[in-house]
Amino acid sequence: MILGLFTTITAIAGSTHGKVFQHLSELPLDLMTFDFIVSGGGTGGSVIASRLSENKAFNVLLIEAGPDTADQLGLSIPGWGLGKGTENPSQFIWNYESVPQEGWNGRKAGIPRGRGLGGSSAVNGMVYTRGSKDDYDNWARVTGDPGWSWNALRPYIRRSERWTPPAGGRNATGEYDPAVHGYMGRVETSLPWDGHLEHDIRTIRNAEIQKAEFPLVLDGNAGRSIGVTWMQSTIGNGTRSSAATAYLGDPVRKRGNLAILLNTQVLRVHPVVSSVRRLDIRTVEVISSDGGTAVKFTAKKELVLSGGVIGTPHILLNSGIGNRTELESLGVASILDLPDIGKGITEHVAANLVWDTVPLNTTTIDQDLAYAMWQQNRTGPLTATFTHQILWSKIPSSSTLFKEWKDPSTGTTSPHLELPLDAAQNAYLALLTPYSRGSLRLASSNPLLPPLIDLGLLTHPFDMAAIKEGVRIMKRFYSGPAWEGYITGFRGPDPDVLSNEEFEKRIRDNAITFYHPVGGSAMSKRGEKRGVVDGELKVKGVRGLRIVDASVFPYVLTAHTQAPVYILAERAADLILTSWGG
């Protein structure tokens, strides 16, 4: 492998567009040029490549480090998860790991990210939650661009979504609001295949008894989720709907102006023309995932980075774009001093809570029968994930927490806490609005080595205090007549029984994340020195380079992150097309 030896693609377009190339060596290098190059075929990149190639005047190249995810049974069946039914499941995952986390008593956090077409949307838990109205309205304030507000983004929400009936077609009236969904979009979304289980019924009854604090909300994706909502998932006809299946299906792959290059890793980006005023960066350096000689491609119009919250900052840093002092200390030549690259990463941290319960009246279906049901008509337990309902909760404004720390939520519609409701015995209480921030930096000047990732979990005192209040909220939720005959006790960790030291130790020793890291290339106002991209997602101080993935989020939203990335990418596609008269 010789990283300094390149073949540069500059010739005229030929007949090779409209194909999926499994290996860099398959590309006829003397016949290809592109208007747009999209680096990363994950959630954001799939949307961008699909939408840009709708315009036949533009040639588009999509580069993805991993393999195709189409026709992978283990990825298609929602109830199986990644390991079952998938040959060599590790090929679809970047198995990143954090450095030892001070806030976790030295434990490391796993940071799995999707690798392959569709990215994390091809391997995740398929939860479809958009976040609150205030989350997006604050995007508009942070960027100075009203186009990122909730109301302005509604057309993009509908354009990305295709609401479908639950698998098997049961009547789900009363579990969602038809007015807030899209029906002609790409990503299929739905409710669970089966009806109300005993835990669901008890939750509904509890919502009547404790409606002031835990109301039943018709639709958690209407911008105001606080209360109990029915869980919506990116599942259609009992099958996972990923960015690859939704945006890169057979009709899209057959477009004559789109080429998809798989199993090819992006190493760096490079300037095309340098001036005293601004860099022009439209060249990407790639190498086959199995090694070999590096190759450069140059876009005629724009290069779009969609490598994800880990991949995109890593590529930029390897390119000499980032904190100049840090880069030069590793022997990486700095071409643009953007100190915020890799900074401000945020993640949802979750505490493990345990209740004592008696068995519920449930009907179980063995795996062989479940698989037979799925094969026959795409129904049964394999068409769903892990729960029917989610509790979204807000710490009361009168809490003593907010006398010491400013409320980190974006507004009254934003919850602080999330609890997926799944028969209660073991539950994970997620803090959605952490103060703690992490970072990503290079381990060395070798672009093939993984970066050093510090999520900064539970390093700010607010986060532990908020979890403590969250446990008390959950204790109130699982109390009262709705739970008689089912909940028999709370094992904790209980802040009202344990000492502060013991409570915090148990939280730190057993906390997990929800695999929702964002940031590292944050949006901010045009002209501000802080941040990495402006409201149009253009990298500051650069021509020709944009970022479209969760790394541009200035903070983690009160949501699972795939739906916000779809929304971001749909608007980004319009911003790019508008810039070029498309």
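Helix α1 of this predicted model is mostly covered, with 10 of its 10 residues buried, where buried stands for under 20% relative accessible area, exposed for over 50% and partly exposed for the range in between (1.4 Å probe, protein chains only). The buried residues are Thr43, Gly44, Gly45, Ser46, Val47, Ile48, Ala49, Ser50, Arg51 and Leu52; helices (H or I, at least four residues) and strands (E, at least two) are DSSP runs, numbered from the N terminus. Because the model is predicted, local features need pLDDT of at least 70 and side-chain atom pairs count only at pLDDT 80 or more, whereas totals for chains, interfaces and linings use all residues. Residues are numbered from 1 along each chain as its sequence is written, and side-chain values use heavy atoms, with hydrogens and water left out.

Helix α1 (residues 43–52) packs with helix α14 (residues 562–579) at an angle of about 35°, the two axes being 9 Å apart; axes are lines fitted to C-alpha atoms, for helices over the stretch in contact, and angles run from 0 to 180 degrees between N-to-C directions. The crossing of α1 and α14 is right-handed, the term for a near helix turned clockwise from the far one by less than a right angle, with left-handed used if it is turned anticlockwise. On the side of α1 the contact (heavy atoms within 4.5 Å) is made by Thr43, Gly44, Val47, Ile48, Arg51 and Leu52, and on the side of α14 by Gln562, Val565, Tyr566, Ala569, Glu570, Ala572, Ala573, Ile576 and Leu577. By class, 10 nonpolar, 3 polar and 2 charged residues take part in the contact of α1 with α14, with Ala, Val, Leu, Ile, Met, Phe, Trp, Tyr, Cys and Pro counted as nonpolar, Asp, Glu, Lys and Arg as charged, and the others, Gly among them, as polar.

The UniProt record (unreviewed entry) places the feature "binding site" at Asn124, Gly125, Met126, Val127 and Val266; UniProt positions are given in the numbering used here, feature names are shortened, and annotations may be inferred rather than shown by experiment. These positions are spread over 143 residues of sequence and are also spread in space, up to 28.8 Å between C-alpha atoms. Gly125 lies in the loop between β6 (110–114) and α3 (133–143) and counts as partly exposed, at 34% relative accessibility. Met126, in the loop between β6 and α3, is buried with a relative accessible area of 2%, and has a positive phi of about 70° although it is not a glycine. Val127 is likewise found in the loop between β6 and α3 and is buried, with a relative accessible area of 5%. Leaving aside residues up to four places away in sequence, Val127 touches Met231, Gln232, Phe386, Ile390, His560 and Gln562. For "domain: Glucose-methanol-choline oxidoreductase N-terminal", UniProt (unreviewed entry) lists residues 114–137, a stretch in which the chain is 21% helix and 4% strand and the end C-alpha atoms are 29 Å apart.

An open sheet is formed by 3 strands in the order β18-β23-β24, with antiparallel pairing, two strands being taken as paired if DSSP finds at least two bridges between them. β18 (343–345) and β24 (452–454) stand at the edges with a single partner strand each, so one side of each is left without a neighbour in the sheet. The twist averages 30° from one strand to the next. β18 pairs with strand β23 (residues 438–441) over 2 bridges, and the bridge partner of Ile345 in β23 is Gly438. Helix α8 (residues 308–318) packs on the sheet, touching β23 and β24, and its direction makes about 45° with that of β23. Between β23 and β24 there are 3 bridges, and the bridge partner of Leu440 in β24 is Ile453. The covered face of β23 carries Gly438 and Leu440, whereas Ser439 and Arg441 belong to the uncovered one.

Two further backbone features concern loops. Most residues other than glycine have a negative phi, and most peptide bonds are trans. The peptide bond from Gly492 to Pro493 is cis, with omega near 10°, and Pro493 lies in the loop between β25 (487–492) and α13 (500–510). Tyr515, in the loop between β26 (512–513) and β27 (542–543), has a positive phi of about 60° although it is not a glycine, and is partly exposed with a relative accessible area of 47%.
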